[in-house]
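Hi there,

Here is the structure I promised you. Have a look at it first, and then read my notes below.

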Amino acid sequence: MSACEKVAECLAGAQIEEALKYLREAKDRLAQSEFEVGRFYARLNWCPGAVDRLQALLKSDPDFINRDGVYFYLGECYFKSNQKAQALPYYDKLVGEFAKSDYLSKARKRIAEIKAGSSPK
């Protein structure tokens, strides 16, 4: 348990909610920098670096607010590396967990491509 979480336990009522809100915001800011690095690697098609960063991010902060982007870029790296069986769960998670996302239409397209058996474009 982190020091911030210990402090939150000592607070009462509304103070706890406010403390947890600030804790979540701080975690999201930290995770966002990791996401940006992973996305940068993915856009450069350096998938080993992207996958390492993005998977570590999901492990360290499974509640990251921008998980949709993490799922999408993990899926893209696996898809472009012709590891479609590993890509599909990430696209499925994106579609299943997020009703609104900038990545939804691309993820649905990739799911259709994988199920149709097409190659990366």
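**What I found**

In the largest nonpolar core, which has 29 residues, the members that touch the most others are Phe 35, Val 70, Tyr 73, Leu 74, Tyr 91 and Leu 94. Such a core is a set of buried Ala, Val, Leu, Ile, Met, Phe, Trp, Tyr and Cys residues joined through side-chain atoms within 4.5 Å. Two or more residues each come from α2 (13–43), α3 (47–60), α4 (67–80), α5 (84–97) and α6 (104–116), and α4 gives the most, with eight. Helices here are DSSP runs (H or I, at least four residues), numbered from the N terminus. In soluble globular proteins, nonpolar side chains tend to be buried together.

This is a predicted model, where local features need pLDDT of at least 70 and side-chain atom pairs count only at pLDDT 80 or more, while totals for chains, interfaces and linings use all residues. Residues are numbered from 1 along each chain as its sequence is written, and side-chain values use heavy atoms, with hydrogens and water left out.

Is Glu 113 buried or exposed? Glu 113, in helix α6, counts as buried because its relative accessibility is 10% (buried means under 20% relative accessible area, exposed over 50%, partly exposed in between, with a 1.4 Å probe and protein chains only). Its side chain is joined to that of Arg 110 by a polar contact of 3.1 Å (a pair of N or O atoms within 3.5 Å; within protein, one must be able to donate a hydrogen and the other to accept it, and residues adjacent in sequence count only if both atoms are side-chain atoms). Asn 82 lies in the loop between α4 and α5 and counts as exposed, at 54%.

Happy exploring!
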